[in-house]
Amino acid sequence: MPERTRPKPKNRFEQAYWDALARHQLSLQRCKGCGFVRHPPGEFCPECWSGEFEWQPLSGTGSIVSIIWYMKSLDARFPEVPYNVALVRLTEGPALISNVVGSAFGEINIGDPVRARYCDETDFTALLFEKGSAG
Amino acid sequence: MKQAFSRRVSIVGVGMTRQGAHGDADGYALALQAFRGALEDAGIRDKHRIDGLLGAKQFDGSGIDPVLFSRVAGITPSITGALDYATAAFTLHYGAALIASGACDMLAFVYGRNPPGSMVELSGAQEYDLVHGFFNAAAVHGLSWVEHMHKYGTTTEVLGRIAVQSRRHAELNPDAAFREPMTMDDYRNSPSMIWPLREYDVCRMSGGAAAIIMASNEVARDCAKMPIDFLSIGREATHALERGIQMSFSPERRAAKQLYEAAGIGPQDVDVLFPYEATTVAAAAALENYGFCEPGGCEAFVGDGSRIGINGELPMNTHGGHLSGGYLIGLTHHVELVRQLRGECGPRQVPNAKVGLYASGGGIRAQFYHAATLFARGDWNA
């Protein structure tokens, strides 16, 4: 099993993101000024600089923009290979880096639909994805 | 941002050490050696004429601090600096702007490093995301290449041709770090690292140093060798991953447009190309994004590799690039570019090279930067 490490917080807005993931809910900040959905969390909207926002629960669905496979372990915390890293575009707009679990090399490709799969670690919940549509 | 420093700023001296294994030598000692070489190359006997000094540091803090280096070298430049993202083009553009503005007359960019893991470890060892195991700069290039293969039907064969051609050039360069012959079969059999990239797609760490001295065009006339002029520069940046922008190198295309428009020339006028390549993907991208072929056309363009060879239509990274020449944040590319335009490259000299293009990109803190420069010898349009 990989030893996943939650990143050190860069600002006070990140906690709510991780709290939601612990409830198995993906939520991102939606700007009340212009509607832009931002990630990672931060105080101001990078589009219109408004500080007004709401946490918007997202569907957790998306599709693969691109995917690579680590065939050789580059770090002792991720010893098991192959594992993939994918750029996932969420249905609601933003894209983020994650892993697609439950699919072997060659079984998941660009454009494939994916849905969130929450992975509870000892002290946080990681947002992963699995192949498949909503539901 | 359209910019041209036409006829105002020139490179007047270049120096570099051999790239590769350097035992326990310190980066500053190597940098001093390169600096001495650049001063001699420029015919500058008085080191105190250097009134601007730029260094560069890596993410781990290694590299050259310009204030410390000025103490090591016993010089007192009135302006020093090192950028956050300080690979060669970004730093040289900054230096060129200092000279163009009149803030200094003769500026040196000095860099040297002898990292742990030299000759063995892959470079680009960045930890982007420890939740998902997203490691190494090559991963970002890999994501881009998977998109490219999906969209255009390209394969890793073109990447192999680029790696092999780089090695052929390094074989002709006694200062290159990796010179043992490599074939396409060697490439195909090299271990897969981050699919679709193999180990030979990614550059390795190596030790070495280089120094580049720039001057105003008036000062350049007093120097020993033919000055190589900045024709134009292009720069762009974009937010990438978090904004969900596909990594299609769009900033590179905008930088190319600025560059050619400012210089009033096009890709057909470029005699020799130097892409900054942390991986083979970056070199393939430069061929498309700088207009040498259509988007998706890099594999057909490169063919069996001869087109990007010394006697090809578009010689590329004639010193071996980062892949085989050694990783030095783009400085050795500039040293080679200057020597090519002066005609000093001996067995790997490109016939009648007058215009050179350097192109680099990179990511830092989820921002993707791109910078490129067109250089020419004074008689390029004669």
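In this predicted model, the domain assignment divides chain A into domain 1 (8-57) and domain 2 (59-135). Chain B is also assigned two domains, each made of two segments: domain 1 (9-116 + 205-220) and domain 2 (127-199 + 231-377). Chains A and B touch each other, with 32 residues from chain A and 23 residues from chain B in the contact.

**Domains of chain A**

- The C-alpha centres of domain 1 of chain A and domain 2 of chain A are 21 Å apart.
- Contact between these domains involves 8 residues of domain 1 of chain A and 10 residues of domain 2 of chain A.
- On the side of domain 1 of chain A that touches domain 2 of chain A, helix α1 (residues 14-22) of chain A gives the most, with 3 residues.
- That side of domain 1 of chain A consists of 6 nonpolar and 2 polar residues, with no charged ones.

**Domains of chain B**

- In chain B, the C-alpha centres of domain 1 and domain 2 lie 23 Å apart.
- Here 21 residues of domain 1 of chain B are in contact with 27 residues of domain 2 of chain B.

- On the side of chain A that touches chain B, the elements giving two or more residues are β4 (61-70), β5 (83-90) and β6 (95-98) of chain A.
- The largest share of this side of chain A comes from β4(A), with 6 residues.
- The residues of this side of chain A are 20 nonpolar, 6 polar and 6 charged.
- Strand β4(A) is also joined by 2 bridges to strand β8 (residues 192-195) of chain B, and the two strands run antiparallel.
- In this pairing, A:W69 stands opposite B:W195 of β8(B).
- B:W195 is also one partner in a cis peptide bond, which leads from B:W195 to B:P196 and has omega near 15°.
- B:P196 lies in the loop between β8 and β9 (197-198) of chain B.

- Three strands of chain A form an open sheet in the order β2-β1-β3, with antiparallel pairing.
- The edges of this sheet are β2 (37-38) and β3 (53-57) of chain A; each has a single partner strand, so one side of each is left without a neighbour in the sheet.
- Strand β1 (residues 27-31) of chain A is joined to β2(A) by 2 bridges, and these strands run antiparallel.
- A:Q29 stands opposite A:R38 in β2(A).
- A cis peptide bond, with omega about 5°, joins A:H39 and A:P40.
- A:P40 is placed in the loop between β2 and β3 of chain A.
- A:W49 is found in the loop between β2 and β3 of chain A, and its phi is near 70°, a positive value in a residue other than glycine.

**Helix packing in chain B**

- Helix α1 (residues 27-42) of chain B and helix α2 (residues 66-73) of chain B have axes that come within 11 Å and cross at roughly 65°.
- That angle makes α1(B) roughly perpendicular to α2(B).
- The crossing of α1(B) past α2(B) is right-handed.
- B:Y28, B:A31, B:L32 and B:F35 of α1(B) make the contact with B:F69, B:V72 and B:A73 of α2(B).
- This contact of α1(B) with α2(B) has 7 nonpolar residues, no polar and no charged ones.
- Helix α5 (residues 157-171) of chain B packs against helix α9 (residues 280-289) of chain B at an angle of about 100°, with the axes 9 Å apart.
- That makes α5(B) roughly perpendicular to α9(B).
- The residues in contact are B:V158, B:L159, B:I162 and B:A163 of α5(B), and B:T280, B:V281, B:A283 and B:A284 of α9(B).
- By class, the contact of α5(B) with α9(B) has 7 nonpolar residues, 1 polar and no charged.

Technical notes:
Residues numbered from 1 in each chain as written. Chains lettered and ligands numbered in written order. Predicted model: local features only at pLDDT ≥ 70, side-chain atom pairs only at ≥ 80, totals over all residues. Axes fitted to C-alpha atoms, helices over the stretch in contact; angles between N-to-C directions. Helix = DSSP H or I, 4+ residues; strand = E, 2+ residues; numbered from the N terminus. Parallel < 35°, antiparallel > 145°, perpendicular 65-115°, else oblique. Left-handed = near helix turned anticlockwise from the far one by under 90°. Contact = placed C-beta atoms within 7 Å. Nonpolar A, V, L, I, M, F, W, Y, C, P; charged D, E, K, R; others polar. Domains from an automatic or database assignment. Pairing = 2+ DSSP bridges.
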